[in-house]
Each structure stands twice: as structure tokens, then as C-alpha cells.
Amino acid sequence: MGIERTFSIIKPDATRRNLTGKINAMFEDGGLRIVAQKRIRMTREQAETFYGVHKERAFFNDLVEFMTSGPVVVQVLEGENAILRNREIMGATNPANADEGTVRATYGESVEANSVHGSDAPETAAEEIAFFFAGSEITG
Ligand code: RTP
Ligand code: MG
């Protein structure tokens, strides 16, 4: 518990539909503060490394293709219990199973094009933040 930071990505399906502001409002209304943010085009190498834990999965190549198909917004979100809070705001991986009012239920198109990523634990949050941001780019 306490104030935590988590890593978030607004995925290409959402940037394509110009939903960055609407999704950020859901994070902010949910009690999270955006303490770092940049819009980038992920390289294939970055996507493969970032999702390395899934490299044996059948969906890996499609996922890398999708995550490099358009711009993404990488972010650091800060707040009370931010990792779990963000996962509540996002909803279940598959938008069909996500609770009403969550980002994925509202905007997700499919299990792959599910609009957002959020870290799942303190260790992965720290790794994912460091993968995309220098300490000097984050201000609380
Ligand atoms: P995330 O890491 O993005 O927050 O999502 P998650 O923990 O809810 O889902 P995870 O199992 O870690 O999967 C990572 C991302 O891979 C895509 N995916 N596609 N085609 C499929 O069956 C499938 N399953 C997962 C999704 O974009 C998911 O967020
Ligand atoms: Mg995951």
C-alpha cells in the first residue's frame, strides 16, 4: 500500500481513435496522477523486449505487430496503491469480460486491441518504467 508508481501504455487502437484524453481522464478521475508521459512509435525491438515474457505464446508475433502498428503513449501513473488501482480502472484483459465503466469495457476492441497496458506488480512496474523513462523525465 502507500503511494506507488505504475507503468501504463495507451495502445495503438486507442491513439488511432483519438482517445488519449478520454482515457487519461479515466485515470485522473480514478485517483491517479500522470507524472510522466510521451507519445512514441515503439520499435519492433522495444516491443519484443517489452513483451519478452510472452515470446513462446501463440499471440506473440501478432502482439508485436499490433504494438508497432501506430503511436502509443507511454506513461507513469502515481497514486495510492497505483498498480492495483490502475488494473481496476483498466478492467479485464479481454474487453468482453471487463466490468462496466472500465477502460477496456468502454473502448477495447478485442483481447489484443484492448486499448491499455498496466504493470502487474511492483517489480515489473519498476522495470517497465526504467525501460521507457529516465529518472529526470518523471516529476511527481
Ligand atoms: P497487459 O499486460 O497489457 O496489461 O495485459 P494483461 O496483463 O491483462 O494481459 P497479458 O496476459 O499480460 O497479455 C499482454 C497483452 O497481450 C495481448 N493478448 N492477446 N490474442 C490473445 O489471446 C491475447 N492475449 C493477450 C493483449 O494486448 C494483452 O494486453
Ligand atoms: Mg500483463
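**Strands, helices and charged pairs**

Biologist: Which residue in β4 is the bridge partner of Ile10?

Modeller: Val116 is the partner of Ile10 in β4. Keep in mind that this is a predicted model.

Biologist: How many bridges pair β1 with β4, and in which sense?

Modeller: There are 3 bridges, and the two strands pair in the antiparallel sense.

Biologist: And how many bridges join β1 to β3?

Modeller: That pairing has 8 bridges, and β1 and β3 also run antiparallel. To pick out one position, Thr6 has Leu77 as its bridge partner in β3.

Biologist: Is β1 largely enclosed or open, and why?

Modeller: It is largely enclosed by the rest of the structure, because 6 of its 8 residues are buried.

Biologist: Staying with strands, where does His117 lie?

Modeller: His117 is part of strand β4.

Biologist: Is His117 buried or exposed?

Modeller: Its relative accessibility is 11%, and buried means under 20%, so His117 counts as buried.

Biologist: Which side chain makes a polar contact with the side chain of His117?

Modeller: The side chain of Glu128 does, at 3.0 Å. If you leave aside neighbours within four places in sequence, His117 is in contact with several residues, among them Phe7, Phe50, Tyr51, Asn86, Met90 and Arg104.

Biologist: What does UniProt say about His117?

Modeller: The UniProt annotation "active site" covers His117, and the entry is unreviewed. That label comes from the record, and such annotations may be inferred rather than shown by experiment.

Biologist: You listed Asn86 and Met90. Which helix has them among its buried residues?

Modeller: Helix α5, residues 82-90, where Ala82, Ile83, Asn86, Ile89 and Met90 are buried. Around the axis they cover an arc of only 125 degrees, which puts them on the same side of α5.

Biologist: Why would residues a few places apart point the same way?

Modeller: An α-helix has 3.6 residues a turn, so residues three or four places apart point the same way.

Biologist: What do the buried residues of α5 pack against?

Modeller: They pack against β1, α2, β3, α6, β4 and α7. Just after α5 comes Gly91, with a positive phi of about 85 degrees.

Biologist: On to α2. Which residues are buried there?

Modeller: In α2, residues 20-29, the buried ones are Thr20, Ile23, Asn24, Met26 and Phe27. Looking down the axis, they fall within an arc of 155 degrees, so they line one face of the helix.

Biologist: What about the other side of α2: which residues are exposed?

Modeller: Lys22 and Asp29 are exposed there. After α2 comes Gly31, and the phi of Gly31 is positive, near 100 degrees.

Biologist: New topic. How many salt bridges are there in the whole structure?

Modeller: A search finds 7. Side chains of opposite charge can pair when their charged atoms come close.

Biologist: Which residue does Glu78 form a salt bridge with?

Modeller: Arg5, and the closest N and O atoms are 2.8 Å apart. The pair links distant parts of the chain, with Glu78 in β3 and Arg5 in β1, 73 residues apart.

Biologist: Are those two buried or partly exposed?

Modeller: Glu78 counts as buried at 16% relative accessibility, whereas Arg5 counts as partly exposed at 34%.

Biologist: Which residues are linked with Arg17 in a network of salt bridges?

Modeller: Asp13 and Glu109 are linked with Arg17 in that network. The closest N and O atoms of Arg17 and Asp13 are 2.7 Å apart, and the N to O distance for Arg17 and Glu109 is 3.5 Å. Arg17 sits in the loop between α1 and α2, while Glu109 is in the loop between α6 and β4, 92 residues apart.

Biologist: How accessible are Arg17 and Asp13?

Modeller: Arg17 is partly exposed, with a relative accessible area of 32%. Asp13 is at 0% relative accessibility and counts as buried.

How values were computed. Residues numbered from 1 in each chain as written. Chains lettered and ligands numbered in written order. Predicted model: local features only at pLDDT ≥ 70, side-chain atom pairs only at ≥ 80, totals over all residues. Heavy atoms only, no water. Buried < 20%, exposed > 50% of the residue type's maximum accessible area, 1.4 Å probe, protein only. Helix = DSSP H or I, 4+ residues; strand = E, 2+ residues; numbered from the N terminus. Arc of directions from axis to C-beta. Salt bridge = Lys/Arg side-chain N within 4 Å of Asp/Glu carboxyl O. Pairing = 2+ DSSP bridges. Polar contact = N/O pair within 3.5 Å; in protein donor to acceptor, adjacent residues only side chain to side chain. Contact = heavy atoms within 4.5 Å.
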